[in-house]
Amino acid sequence: MIRLTLLAALGAACLSPLAQAEYHNERFNQNYVWEADKPWEEKPIPLPAYPDGAHWQSFEVGPTTRNQHAIDTQSLSIGEDGVVRFALRVQSPDGAETLTFDGLRCETREHKRYAIGRSDTQTWSPSRLAQWRRLEQGQAVLRTVEEDYLCPDRSPARNVAEVIKRMKQR
């Protein structure tokens, strides 16, 4: 009987600090209301001016391609919504050129193609499939842009000057 009483007293002594901690937490948080995370919302943006050719900054993708790659620094922007937007030029060794206006969500590693450039009219043609998609392994150009220049540590670069500096250093 004495053992049982001692065990009960020991158990009460051990549980007492836990009860006090719980009481303290309730007292501490009694007036705090947790805010629910707001869902991400993309800000609408107009298409930039068609690149004039004077502001291309080239970058290397690696030994897997002979194409030349460049970003138009005039179109490069870092939005309040966390999206980095830019005009991208891919030029083959034969001179064929593809121009796109793209966006990257660094946090989620997603890509969206807003428009495709038309060199004959020097205008943008809005993409019919403009939706966010995960970057895939085979998208070497976009992955290089994302990892090496626009999204250090999976967050947007601080400013456009930082991106341009990083591109010139490589």
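Are Tyr50 and Trp124 buried or exposed? In this predicted model, Tyr50 is buried, and Trp124 is buried as well.

## Aromatic pairs and cluster

Tyr50 and Trp124 form a tilted aromatic pair, with 5.5 Å from centre to centre and 55° between the planes. The pair links distant parts of the chain: Tyr50 lies in the loop between helix 1 and strand 1, Trp124 lies in strand 6, and the two are 74 residues apart.

The count of aromatic pairs comes to 6. One of them joins Trp40 and Trp132 in an edge-to-face arrangement, at 5.9 Å centre to centre and 80° between the planes. Trp40 belongs to the loop between helix 1 (2-29) and strand 1, and Trp132 to the loop between strand 6 (123-126) and strand 7 (133-134), so this pair ties together parts that are 92 residues apart in sequence. Trp40 has a relative accessibility of 35% and therefore counts as partly exposed. One aromatic cluster is formed by Trp40, Tyr50, Phe101, Tyr114, Trp124 and Trp132.

## Charges over rings

Two arginine side chains are placed over tryptophan rings. The charged end of Arg105 sits over the ring of Trp40, 3.6 Å from its centre. The charged end of Arg89 sits over the ring of Trp56, at 4.7 Å from the ring centre.

## Glu146 in helix 2

Glu146 is located in helix 2. Its relative accessible area is 3%, so Glu146 is buried. The side chains of Glu146 and Arg109 are joined by a polar contact of 2.9 Å.

Leaving aside residues up to four places away in sequence, Glu146 touches Leu104, Cys106, Arg109, Leu135 and Cys151. Between Glu146 and Gly103 the C-alpha to C-alpha distance is 10.0 Å, with 43 residues separating them in sequence.

## Helix 3

Helix 3 spans residues 160-169, and its residues Glu162, Val163, Arg166 and Met167 are buried. Viewed down the helix axis, the buried residues fall within an arc of 135°, so they line one face of helix 3. On the other side of the helix, Ala161, Lys165, Lys168 and Gln169 are exposed.

At the start of helix 3, a side-chain oxygen of Asn159 comes to within 3.3 Å of the backbone nitrogen of Ala161.

Notes: Residues are numbered from 1 along each chain as its sequence is written. This is a predicted model: local features need pLDDT of at least 70, side-chain atom pairs count only at pLDDT 80 or more; totals for chains, interfaces and linings use all residues. Side-chain values use heavy atoms; hydrogens and water are left out. Buried means under 20% relative accessible area, exposed over 50%, partly exposed in between (1.4 Å probe, protein chains only). Helices (H or I, at least four residues) and strands (E, at least two) are DSSP runs, numbered from the N terminus. The arc is that of the directions from the helix axis to the C-beta atoms. A polar contact is a pair of N or O atoms within 3.5 Å; within protein, one must be able to donate a hydrogen and the other to accept it, and residues adjacent in sequence count only if both atoms are side-chain atoms. Contact means heavy atoms within 4.5 Å. Rings of Phe, Tyr and Trp (its six-membered ring) pair if their centres lie within 6.5 Å; planes under 30 degrees apart count as stacked, over 60 as edge-to-face and the rest as tilted. A charge sits over a ring if NZ of Lys or CZ of Arg is within 6 Å of the ring centre and within 35 degrees of the ring normal.
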